[in-house]
Amino acid sequence: MRIVAILAAGGLTLAAAACGEAPDETPSGSGSSAAGTPYKACMVTDVGGIDDKSFNASAWAGVQAAKTAQSNVEPEYVASDAEASYEPNLRGYVTKKCNFILAVGGLMGDSTKKVAAESPSQQFGIVDSAIDGATNVYPMQFATDQAAFLAGYVAAGYSKSGKVATYGGLKIPPVTVFMDGFADGVAYYNKQKSKNVQVLGWTKASQNGTFAESFTDQNKGKAIASNFVSQGADVIMPVAGGTGLGTAEVAKGSGGKVSVVWVDQDGCKSAEQYCDVFLTTVVKNITDAVEQAVATGAAGQPLSADPGYLGTLENNGVSIAPYNQFDSKVDAGLKGEVDKLKADIIAGTVKVESASSPK
Amino acid sequence: MTTTTEEKAPEKGDSFAATFLRNLWSANTVTVTVLSIVLALVIGAILMIVSDEDVRATFGYLTARPSDAFTSSWNLISTAYADLFKGAILDPAAISAWADGSGGWQAAITPLSETLTYAAPLVFTGLSVALAFRGGLFNIGGQGQAVIGCITAAVAGFAFPLPFVLHAVVALVAGLIGGMAWGFLPGLLKARTGAHEVIITIMLNYIAGLFLTWLIIQKGVQNADRSDAISKPVDASAQLASIGGPVRVNLGIVLAVLVTAGVAWLLNRSVFGFELRAVGANPAAAKTAGISVAKTYTLLMVVAGGLAGLGGATQVLGTAHALTPAVAGNIGFDGLLVALLGRNRPWGTLGAAILFGALRAGGNRMQSFSGISLELVTVVQAVIVVFIAAPALVKTIFHLRAARSARLGASMAKGW
């Protein structure tokens, strides 16, 4: 009897919730026919998942943004739960006859190469990597060292203790390229001003430094940051995804003594709770690059694998974010020097070099 | 598995068909297993409806226009499960493309190939758990043993320059030995000190996993061309032969069938098999009868570990071809579910592993075609096992008659 009562009560609640008005019948098919031939843009995430607030999320935002530029774009994604899923996921989209298959992340390079060779007429794209000799894979790479160079210069100029620090999530080229640029930016500052600002956590010459071995472990980020602070650093750049949030927390607890240079997406948007500690952000504009690629493809234009896309300061593919809450704290002279430096890098009078930088 | 319908002779006056029907609707293992799978798929369907925003919206005006809610739910579920089937067994579109020449034969057999590819390692880890179970031990260490098997097989696969065939055999044996060693430890500790194998094997899982992540980034193991955590690739001579291209199925599944036959023989025909079943049924009585319980436990864990190690070896030599931190995936723990679903019998375990492989392969397609998260497959797999482990629940839901065979549930009640 009790079960009957429960069912009845549940049924009544459900019935009450189900009393809404029915929407008008929409004639089917009229919406899509106006948009022309659909262009299926299918994205395969790496193991970070679709809402990693970084990388995959930026690329997905780009695919969706392309829909506003070209209304025939049909965005889709599939998340990979392990390295072993990359190949089946890419192949699944080949079977589904997607027009454009986007692999997000350099770690998918080998799988993309293999699947692209199997289906030579299928258009692929890859973020943060380039596949040698594959004409059907559109590479999207970023000269992040250029923007990190500017951030290093700002950090060196802003530091009061004369010590700045950086660390990475893993020792992989897309991470160390930030650290190279940062260290060079500091070195350039020292040369220009005859100062001796030190960089902790990374030595460009030996390519050795501090790594958290994780892109998610915030406690690790906290521990590394506390260690840097005790050695006297007052500006820290974590290149470690979610791990960096631990560093932001240390900075927040320091009462304004320590500040953070964020990476990938403007920290005041992607991690706004820590906006008051972000000096600036080394922005890697994945969203725009992906949007551009998808929109170009959807408009029926070819995506040529050579040269592909290279984000630089010049085309705004990489940049440093506004100083946000530090706008008043950063010296106007320093800001001017940074703008000049940016122009010099674009003009080629200041050379930024990193072994990890895409060619 | 079919014994319950056949072993009872028809009663006097009853036709064979009537007896068959009566037994069919009783709580025998086959019926309960099939109904558990059906129930799990139903629960999966409900979850799909609940998690799909568009479909949920149509339930908001259920009373105004009920047809919307039902057609949209039906469309969602039928396309999702159709994709599950197309991804796991066969895709009619690929078959017809092959028939009219617009597609290759590879695409036509890819679904089955994927199913068997995912199933192969699960057969080994499932057998490992099932065999230990029959001897009264609960081997939770399948994951750790598989990881060690991955490591030893991969290292043998890239470190020794050996000719084709021999190299693959050596690498497989290395995986076997690695797993055996990792099973020997808890077996010995259990036999000598009485330390509980569940606790020891869980701890050894952690050690194996962390050892793997440490080992990959060492010089000589790490791939020199890559700076991320990935080992050198296994030599082509050590890889398990596969058809190639998108058809990933490899010799691993053939090996899995052979090993299943071997384990069936070991369990039912060999002296050791008799001893382990005796110890599993009643250690005290087995001891009185002159069987060395300590020796049986140790040997049993060594064999179980070796099986899981082979599972790891097939994974790394058959599909992954290099060590990464997640190279073993979840095969060890999935092996537990496979063994439970297979009722701890060798051939049952093989069948269960193929079912899990099919769900996984179909899940990939369901994810990319219907946008249903792969997690749903995990839920369905888990729910199947929940119903298997609680046969009384299935019995009540479907008003099944009690089975005359007392076997149901007996295998579940022992071991922990």
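Strand β10 of chain A, residues 235–239, is largely enclosed by the rest of the structure in this predicted model, because 5 of its 5 residues are buried. Two other strands pair with β10(A). Strand β6 of chain A, residues 163–168, runs parallel to β10(A) and is joined to it by 5 bridges. Within this pairing, A:Val164 stands opposite A:Val235. Strand β11 of chain A, residues 259–264, also pairs with β10(A) in the parallel sense, here over 2 bridges, and A:Ile236 faces A:Val260 across that pairing.

The chain is divided into two domains, and each is built from two stretches of sequence: domain 1 takes in 39–143 and 287–311, and domain 2 takes in 144–284 and 317–347. The centres of the two domains, taken over C-alpha atoms, are 29 Å apart. Where they meet, 12 residues of domain 1 are in contact with 11 residues of domain 2. On the domain 1 side, the elements that give two or more residues are α3 (55–69) and β13 (309–311) of chain A. The residues on that side divide into 5 nonpolar, 4 polar and 3 charged.

Chain A also touches chain B. This contact takes 24 residues from chain A and 25 residues from chain B. Helix α4 of chain A, residues 86–95, gives the most to the chain A side, with 6 residues. By class, the chain A side has 13 nonpolar, 4 polar and 7 charged residues.

Buried residues make up 49% of the chain. Among contacts in chain B with a separation of 6 or more, 75% are between residues 24 or more positions apart.

What lies inside? In soluble globular proteins, nonpolar side chains tend to be buried together. The largest nonpolar core here has 106 residues, and those with the most contacts inside it are B:Ala119, B:Cys150, B:Ala153, B:Val316 and B:Leu317. Helix α7 of chain B, residues 105–134, supplies the largest share of this core, 13 residues. Leaving out residues up to four places away in sequence, B:Ala119 touches B:Ile253, B:Ala353, B:Ile354, B:Phe356 and B:Gly357. A second, separate core of 65 residues includes A:Ala155, A:Val235, A:Val250 and A:Phe278.

B:Ala304 lies in helix α14, residues 293–320. Is B:Ala304 buried or exposed? B:Ala304 is buried, because 32 other C-beta atoms lie within 10 Å, and 20 or more are enough to count as buried. Apart from neighbours within four places in sequence, B:Ala304 is in contact with B:Ser128, B:Leu131, B:Ala132, B:Asn139 and B:Gly183. B:Tyr81, by contrast, is 223 residues from B:Ala304 in sequence and 35 Å away in space, C-alpha to C-alpha.

How values were computed: Residues are numbered from 1 along each chain as its sequence is written. Chains are lettered from A and ligands numbered from 1 in the order in which they are written. This is a predicted model: local features need pLDDT of at least 70, side-chain atom pairs count only at pLDDT 80 or more; totals for chains, interfaces and linings use all residues. A residue is buried if 20 or more other C-beta atoms lie within 10 Å of its own, exposed if 12 or fewer, and partly exposed in between; C-beta atoms are placed from the backbone. Two residues are in contact if their C-beta atoms, placed from the backbone, lie within 7 Å. Domain bounds come from an automatic or database domain assignment. Helices (H or I, at least four residues) and strands (E, at least two) are DSSP runs, numbered from the N terminus. Ala, Val, Leu, Ile, Met, Phe, Trp, Tyr, Cys and Pro count as nonpolar, Asp, Glu, Lys and Arg as charged, and the others, Gly among them, as polar. A nonpolar core is a set of buried Ala, Val, Leu, Ile, Met, Phe, Trp, Tyr and Cys residues joined through C-beta atoms within 7 Å. Two strands pair if DSSP finds at least two bridges between them.
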